[in-house]
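Have the viewer open and follow along.

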Amino acid sequence: MARLTVVRPGMQTTIQDLAGRQGLWDVGVPPSGAVDELTFALLNAAVGNPDNAAGLECVVTGPTITADEDRLVCVGGAATQATIDGRRLEAGKVAKLSAGATLDVGPLDGPGMRGYVAIEGGLDVPRVLGSRSTFTLGGFGGQEGRPLQHGDEIPLARKENLLTPAPITLPELTGNWMLRVIPGPHGAPDHLTDEGVEEFFATTWLVDHRSDRTGVRLVGPTPGWARDDGGEAGLHPSNLHDSAYPVGGIMLSGDTPVIVGKDGPSLGGFVVPAVVIEADRWMLGQLRPGDAVQLHPVSPDNAAEAMRVRRTWLADLRQDPPPVTPIGCGPERPEVLHQEGGAGSVPAYTIRRSGDRHLLVEAGPTELDLTVRVWVHLLAEALRGDRPDGVVEIVEGVRSVLVAIDSARLGLDELAKQLARLAGELADPAAVILPAREVILPIAFDHPLAHEAMQRYQTSVRPDAPWGPDNVEFIRRVNDLDDRAEVFDIVAAATYLVVGMGDVYLGAPVAVPLDPRHRLVTTKYNPARTWTPQNAVGIGGIYLCIYGMEGPGGYQLVGRTVPVWRISDNDEQPWLLRQFDRIRFTPVSPHELADRREQIKAGADLDVRPATFSIADVRRIEQEAPMDIVTLRAKRRAAFDAERARWGA
């Protein structure tokens, strides 16, 4: 078998394919794949590869590689200084990489951020969860789940049955970008003021240096909020009850806009005022720190036409590439496709566009209502059972469900009609009994790595954050508890109900205490952390999260537990938890936790018991001590308001 050998790996060179992983967004597996999808598709076409062939993506400095068999190659994106045995290789032009010759992709100095290499036949690494793409944070896909290293030998796929190489014209790169967006699903008047929305779209944003494949941070003015806080979802007005993000969604992480990337989080608790249209998503791969970005609202019809022109061009590359123009100016408010006021067992709900590839259904009031959560689950299950061709993702949130489509096969208007029909046919959520399990996990409170994450944040992100230097002390203060130990006592006493999966990443649950007396209220980091230890346990709003892997995060950290995600060689389901599972914690020391973590990695089982969940369970708890619940809620709300007043002062 022919092989490619890495002489020098360059900086963060990974193996990617075009589509990435599909259908796993609901458990926190991002699609991954080439961020600049357009350049990647063009380079594959240039060397005669099918769309799904894997190639290389790199930043800062490209790799130096050789092959032991003659292969056609083509480079593009920010790779403008490539050479073969010292001879210049023009971007977008196909050349033969002779056996033993050296391709040096060279520095990627801009314009643009990422360089790409397509090799005739593609790279024949194993598919993991349906894709060859590397997800480095999760440690899987590509070359052993990591960037390339010196001496790596990568199998090349066979050259038989390839397409005819096509001449290509690469998109122009710049330092000043216009991203066409569709406003919503959140906006004025509920989350932002009209003036705040106007400023959001009028601002020329700058790309922050803390940008990567997970998301692109933008630097600019503080958003014009229409509310003081997020209520039970958190102290900051950006905070929402956890809801799914689309790739290309611009979430407001506190006061910082972050465009969700192809390695980004699927579920989180932040407002999304706009989504980058599908035809412009490729630009996210080329946004370089310091670049200027304008967000131009367009109509859904404009977005659909831009993508239709793109598909026509890619099907016949002899045509001129489509220009990136404003194509009109769309409304600045989210578009509602369907709305119901609520009657009987059906809560009030709204179906809005979330870009040109997603719908977001939001149900009930902007507070936790587990009856609404069950209704959302029943709606998602009904759609899974009556799934139209073209639905690619169905992701449940606390009071929402996000549905993604392949826009070449299905329209959002048609999907909205089907969702409205299914919503009217659902069972009464208060009468449903759902299968579940009780999962008992060890937890090491005050784990050293949790404190390391707090220290890193205070040192490199926000020294004046009110939740520093100790998140647990912050939780104690905003809940009016007498000492830190009470925080741990409450977490250990609680039974948590899983109400969302993939909260940030990889099977990470978002869970809420069944007993309202155990619902500690806090806020999320603003801005979010850039690093969180794997399996850290945190609280944001009234919710608890177990982080599936290292990565960004915004919950206040209280400890660490065992892995909730494990890829094995026997195709076992890698995620531990399921919707409506119950979680209980058993306190252990950090040393005992380390031993238990090693046992879990080696294949040991956890304590998992059969259970069920119904709204009757919740009502029973609420009826046990109604006055205690009311008193505690009032006390915590007063402490919450006092903390916010301190911030204002």
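## Ring pairs

First, a reminder that this is a predicted model. With that in mind, let's start with the aromatics: there are 15 aromatic pairs in the structure. Take Phe140 and Trp565, which make a stacked pair with 6.1 Å from centre to centre and 25° between the planes. The "stacked" label applies because planes under 30 degrees apart count that way. Phe140 and Trp565 are both buried. Then there's Tyr457 with Tyr525, an edge-to-face pair at 4.5 Å centre to centre and 65° between the planes. Tyr457 belongs to helix 6 (residues 448-460) and Tyr525 to the loop between strand 28 (509-513) and strand 29 (529-532), so this pair ties together parts that are 68 residues apart in sequence.

How buried are those two tyrosines? Tyr457 has a relative accessible area of 4% and is therefore buried; Tyr525 has 1%, so it is buried too. Back to Phe140 and Trp565: ring pairs also join them with Phe135, Tyr505 and Trp575 into a cluster.

## Salt bridges

Side chains of opposite charge can pair when their charged atoms come close. Here the count comes to 44 salt bridges. One of them joins Arg180 and Asp280, where the closest N and O atoms are 2.7 Å apart. Those partners come from distant parts of the chain, 100 residues apart: Arg180 is in strand 12 (residues 176-183), and Asp280 is in the loop between strand 19 (274-276) and strand 20 (292-297). Are the two ends buried or exposed? Arg180 counts as buried because its relative accessibility is 4%, and Asp280 is buried at 0%.

Arg637 and Asp229 make another salt bridge, with 3.1 Å between the closest N and O atoms. Arg637 is part of helix 11 (residues 626-648), and Asp229 lies in the loop between strand 14 (215-219) and strand 15 (239-244), so the bridge ties together parts that are 408 residues apart in sequence. Arg609 is partly exposed at 37%, and Asp607 is partly exposed at 32%. Elsewhere, salt bridges with shared partners join Glu57, Arg114, Arg213 and Asp263 into one network.

## A negative patch

Which residues form the negative surface patch? It is made up of Glu195, Glu198, Glu199 and Glu332. Glu198 sits in helix 2 (residues 194-202). With 51% relative accessibility, Glu198 counts as exposed, because the cut-off for that label is over 50%.

Most residues other than glycine have a negative phi, and most peptide bonds are trans. The bond joining Gly110 and Pro111 is cis, with omega about 0°, and Pro111 is in the loop between strand 9 (102-104) and strand 10. The peptide bond from Ala188 to Pro189 is also cis, with omega near 0°. Pro189 lies in the loop between strand 12 and helix 2.

Then come the phi angles. Asn535 isn't a glycine, yet its phi is positive at about 65°. You'll find Asn535 in the loop between strand 29 and strand 30 (536-540), and at 0% relative accessibility it counts as buried. Phe580, not a glycine either, has a positive phi of about 75°. Phe580 is in the loop between strand 33 and strand 34, and its relative accessibility of 1% makes it buried.

Technical notes: Residues are numbered from 1 along each chain as its sequence is written. This is a predicted model: local features need pLDDT of at least 70, side-chain atom pairs count only at pLDDT 80 or more; totals for chains, interfaces and linings use all residues. Side-chain values use heavy atoms; hydrogens and water are left out. Patches are made of residues with over 30% relative accessible area and no salt bridge: like charges are joined within 9 Å, nonpolar side chains (Val, Leu, Ile, Met, Phe, Trp, Tyr) within 5 Å. Accessible areas come from the Shrake-Rupley method with a 1.4 Å probe; for residues, only the protein chains shown count as cover. A salt bridge is a side-chain nitrogen of Lys or Arg within 4 Å of a carboxyl oxygen of Asp or Glu. Lys and Arg count as positive and Asp and Glu as negative; His and the chain ends are not counted. The place of a charge is taken as NZ of Lys, CZ of Arg, CG of Asp or CD of Glu. Helices (H or I, at least four residues) and strands (E, at least two) are DSSP runs, numbered from the N terminus. Buried means under 20% relative accessible area, exposed over 50%, partly exposed in between (1.4 Å probe, protein chains only). Rings of Phe, Tyr and Trp (its six-membered ring) pair if their centres lie within 6.5 Å; planes under 30 degrees apart count as stacked, over 60 as edge-to-face and the rest as tilted.
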